[in-house]
Amino acid sequence: MKHYLLAAALLPALAACHKSDNDDAAPAPVAAEFNQDFALRYRQSATLPTAQTPELTLLVEDLQFSICPKNVNCFLPDFANPTLAIAAADGSTQQLQLARNIASPSSPNWIDTASIRANGRRYVVYYKSWALDAGRQDSPRKQDFTLNFRVEKPQ
């Protein structure tokens with residue numbers, strides 16, 4: 001009889017530990033335009049200029065971050081450093097790590113910028129800003145960040 005009581009007590013606890021499938025689901029891709037700001041989350045992609053005929057596809061492949069919890073004094077500032085996977089129209093891909101080892105932003109208009117070559121031309125990727133979802137200061141996850149970018153296609 002004790003075994004049945006133990007099983008009945010443990011079953012709800014084990015069911016509560018089930019990880020939601022929504023935590024691992026990638027957000028829906030977005031269509032973005034060149035020379036326009038757009039926002040991405042962890043594991044989300046953007047196709048430029050359209051989803052039907054993408055010239056470039058950017059994917060937030062990884063995100064390294066450090067956030068100081070509330071009511072704690074930290075020596076280092078908060079940061080969110082994304083790694084992008086950039087795919088060209090021909091299917092070739094390259095990785096781009098943004099904001100590595102930057103002590104402070106060099107421009108008030110963006111955190112980091114990089115020039116990439118794809119499709120036989122040059123593009124400029126601007127990592128403009130990041131934001132953390134409200135209420136996640138003490139225990140943030142990669143999915144809680146919104147990262148803002150812009151891709152320019154110089155003539």
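Q: Where is Asn119 placed?
A: This is a predicted model, in which local features need pLDDT of at least 70, side-chain atom pairs count only at pLDDT 80 or more, and totals for chains, interfaces and linings use all residues. Residues are numbered from 1 along each chain as its sequence is written, and side-chain values use heavy atoms, with hydrogens and water left out. Helices (H or I, at least four residues) and strands (E, at least two) are DSSP runs, numbered from the N terminus. Asn119 sits in the loop between strand S7 (112–118) and strand S8 (121–132).

Q: What phi does Asn119 take in the hairpin of S7 and S8?
A: This hairpin has 2 residues between the strands. Asn119 is a residue other than glycine, yet its phi is positive. The value is near 55 degrees.

Q: Is Asn119 buried, partly exposed or exposed?
A: Buried means under 20% relative accessible area, exposed means over 50%, and partly exposed lies in between (1.4 Å probe, protein chains only). Asn119 has 31% relative accessibility, so this residue counts as partly exposed.

Q: Over how many bridges do S7 and S8 pair?
A: Two strands pair if DSSP finds at least two bridges between them. Ile116 has Tyr123 in S8 as its bridge partner. S7 and S8 run in the antiparallel sense, and their bridges number 7.

Q: Which residue in S9 is the bridge partner of Ser129?
A: S8 also pairs with S9, in the antiparallel sense over 8 bridges. S9 is the strand 145–152. There, the partner of Ser129 is Asn148.

Q: What separates the C-alpha atoms of Val124 and Thr113?
A: Val124 belongs to strand S8. Its relative accessible area is 10%, so Val124 is buried. Contact means heavy atoms within 4.5 Å, and beyond four places in sequence Val124 has contacts that include Thr113, Arg150 and Pro154. Thr113 is 11 residues away along the chain, but the C-alpha separation is 7.0 Å.

Q: Which residues have the most contacts inside the largest nonpolar core?
A: A nonpolar core is a set of buried Ala, Val, Leu, Ile, Met, Phe, Trp, Tyr and Cys residues joined through side-chain atoms within 4.5 Å. The largest one has 31 residues, and those with the most contacts inside it are Phe38, Leu56, Leu84, Phe149 and Val151.

Q: Which elements give two or more residues to this core?
A: Phe38, one of the core residues with the most contacts, touches residues such as Leu58, Leu147, Phe149 and Val151. The elements that give two or more residues are S2, S3, S4, S5, S7, S8 and S9.

Q: Which backbone nitrogen does the side chain of Gln44 reach?
A: Gln44 lies in the loop between strand S2 (37–40) and strand S3 (45–48). At 9% relative accessibility, this residue counts as buried. Among its contacts beyond four places in sequence are Pro27, Val30 and Leu59. At 2.9 Å, its side chain reaches the backbone nitrogen of Arg41.

Q: What is omega for the peptide bond from Leu48 to Pro49?
A: Pro49 is in the loop between S3 and strand S4 (56–66). The bond from Leu48 is cis, with omega near -5 degrees.

Q: Is Asn71 buried or exposed?
A: Asn71 is in the loop between S4 and strand S5 (79–88). This residue is not a glycine, yet its phi is positive, about 60 degrees. Its relative accessibility is 83%, so Asn71 counts as exposed.

Q: How many residues apart are Lys128 and Asp37?
A: A salt bridge is a side-chain nitrogen of Lys or Arg within 4 Å of a carboxyl oxygen of Asp or Glu. By this rule the count is 8, and one of them joins Lys128 and Asp37 (3.7 Å, N to O). The pair links distant parts of the chain, with Lys128 in strand S8 and Asp37 in strand S2, and their separation is 91 residues.

Q: Which residues are linked with Asp37 and Lys128 in a network of salt bridges?
A: Arg150 and Glu152 meet in a salt bridge (3.8 Å, N to O). Glu152 counts as partly exposed because its relative accessibility is 25%. Linked with Asp37 and Lys128 in the network are Arg150 and Glu152.

Q: Why does Asp144 count as buried?
A: Asp144 meets Arg136 in a salt bridge (2.8 Å, N to O). Arg136 is partly exposed, at 24% relative accessibility. Asp144 is buried because its relative accessible area is 3%.

How values were computed: Polar contact = N/O pair within 3.5 Å; in protein donor to acceptor, adjacent residues only side chain to side chain.
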